[in-house]
Amino acid sequence: MAKDKTLYTCSACGGSTPRWLGRCPQCGEWNTLIESVPSAAGAGKHRFSAMAGLAPSSTVAVLADIEAADVARTPTGQEELDRVLGGGIVAGAVVLIGGDPGIGKSTLLLQALDGLQRGGYSTLYVTGEESGAQVALRSQRLGLAQSQVQVLAETQLETILATVEKLQPAVLVMDSIQTVYTEQLTSAPGSVAQVRECAAHLTRMAKARGVTVVLVGHVTKEGALAGPRVLEHMVDTVLYFEGDTHSSYRLVRAIKNRFGAVNEIGVFAMTEKGLRGVSNPSAIFLSQHAEPVPGSCVLVTLEGTRPLLVEVQALVDTGGPSPRRLSVGLERDRLAMLLAVLHRHAGVACMDQDVFVNAVGGVRISEPAADLAVLLAIQSSLRGRALPRGFIAFGEVGLAGEVRPAPRGQERLREAAKLGFSVALVPKANMPKKPIEGLTLWPIERIDEAIARVRELD
Ligand code: TYD
Ligand code: MG
C-alpha cells in the first residue's frame, strides 16, 4: 500500500500545500506551514468522527433538562496531588503536567500510579525517556516493593494505542508526550505536528474508552510547555511543577482545571524516598535570619485555598548607564511599573540603580497583593535599613499610588499571627473589625504613607 502523502497546512489561514514552503501561498504569512495528516479520501468517515465520544448525544436539549451529574473522582493516595486535581482523577479526563527536567514529574506519577494500582485500578506507565529497568530502579528507590504497575517502554503511538486496547487500563501515563511519534507523519518526535497529532489521538482514546490519560510535557527555557499552545486547550487539566531544584520543596499548581479550582497548589518535599506531601506548608518559604536584614520583607500570599508566607528579597545596587531590573519568581514588567510608582508617588528614586528581586524558595507569585512587600523590600535595601522583626505586609499598589486591599485579608492576617508575626502593614480596607491577638496592625491607604510609616521606625 502506498504511504499516505502528507500535507502542509497553514496555521494562520488553514490553506494547504503538498510540500513545505517558507511562505504560505494563500495568505502570505511566513513560517506557518506545519506538516499534517490529510483526511483519508473516500473513507466516508472523518478522521475526527471518533471525537463523537466527547458528546454522545447529538440532539438539542434544554440546559435545565440535562442531568448535571457530578463526576466521580478517584483519589490517587497522594493527598497534595488530589488537592490540585480537585479531589482525584476523573475517568476520561486528560491531564497535562509540565515542569523543568529533574523536578520530579516521573517520580510523582510513579508514586500516584502505584497508589492507584494498590487501590485496585489497572494502570499503565508508558515511558519514552527511560528503559523499563530504569523505572524499576526508581520504584525500588521509592520503596514501592512488589509494585504491580504495568510498564511499557515504547514511543510509537500505534503500538501504545494497541497496548491500551489489549490491557484496558484505568489510568495511562505517557512520559513524555515529546517522545511519542505517529507513523502517519514524517516529522521528528517532539515537533509541533507530532505532539499535536499524538495528543489528539490520546485524547480521543481517553474520551472514547473512559481512560484517564496523564501526559508529561517538557517545558521550554522560558518555562512554558514546549510544543503547540493548542495542547493546553485540548486537555482538561494543566498542572505545572514549580520550585527550585536545589531546594527540596516542590509546588504543583493547577493552571487550568475543568474538574476543579485553578490556582490550587499542592506542596511536596523531595526526600530520598520520593515526594512527600506537606500538609501545612505556610512557613516553608521563609529564610531563617537570626536578625532582620535590609532588603527582606515577608508577605502572606493566598495560593488556592491556603495562605502561604513568602519572603521577598530585594537588592538595590549602583548600576551602570542602563541599570538592570531582574526578578525571580515575580513578574519583571510589574517590577518596572512598581519602581515608577515608587518614584512618582513616594519620591524614592532608583533610576541609576540595579534592582534585583527574588521570591525565596523558587515559588512563583503572580498575585498583585505582593506589590507592597516588593516595594518595602526595595526601599529597605536602598536605605540599608531592615524592617522590624516579625513584620509582614501585603496589598496591591495601583498606578495612582493607592494601596488596594487583597482578597481574604483576615485569613492572611490570622495565618501570620499563628506563625508568630507581630506587626502587619495592611491596606485600610483589609483591617479586621476585631483585633487579632498578638498582631499590631498599621492600616495605610497610599504608598507614600506606607514608606513614611516604616521610616518613622529608625
Ligand atoms: P524525576 O522524577 O526523574 O524528574 P522529571 O521526571 O521531572 O525529570 O526526578 C528526578 C530527581 O529527583 C533527581 O534529581 C533525583 C531526585 N530524587 C530524589 O531526590 N529522591 C527520590 O526518591 C527520587 C526517585 C528522585
Ligand atoms: Mg522524567
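**Ground rules.** I took the model as predicted, with local features needing pLDDT of at least 70, side-chain atom pairs counting only at pLDDT 80 or more, and totals for chains, interfaces and linings using all residues. Residues are numbered from 1 along each chain as its sequence is written, chains are lettered from A and ligands numbered from 1 in the order in which they are written, and side-chain values use heavy atoms, with hydrogens and water left out.

**Sheet.** I looked up the strands (DSSP runs of E, at least two residues, numbered from the N terminus) and found three of them, in the order S2-S1-S3, forming an open antiparallel sheet; strands pair if DSSP finds at least two bridges between them. Strand S2 (16-17) and strand S3 (33-36) are the edges, each pairing on one side only. I then followed strand S1 (residues 7-10), which is joined to S3 by 4 bridges, and noted Tyr-8 opposite Glu-35 in S3.

**Ligand 1.** Among the 16 residues around the ligand (a heavy atom within 4 Å), Gly-102, Lys-105, Ser-106, Thr-107 and Gly-274 come nearest. For polar contacts (N or O atoms within 3.5 Å), I recorded a backbone N or O atom of Gly-274 at 2.8 Å from a ligand oxygen atom, and a side-chain N or O atom of Arg-141 at 3.5 Å from a ligand nitrogen atom. The protein covers 75% of the 560 Å² of accessible area that ligand 1 has on its own (Shrake-Rupley method, 1.4 Å probe).

**Shell.** Helix H2 (105-118; a DSSP run of H or I, at least four residues) gives the largest share of the shell, 3 residues.

How values were computed
A polar contact is a pair of N or O atoms within 3.5 Å; within protein, one must be able to donate a hydrogen and the other to accept it, and residues adjacent in sequence count only if both atoms are side-chain atoms.
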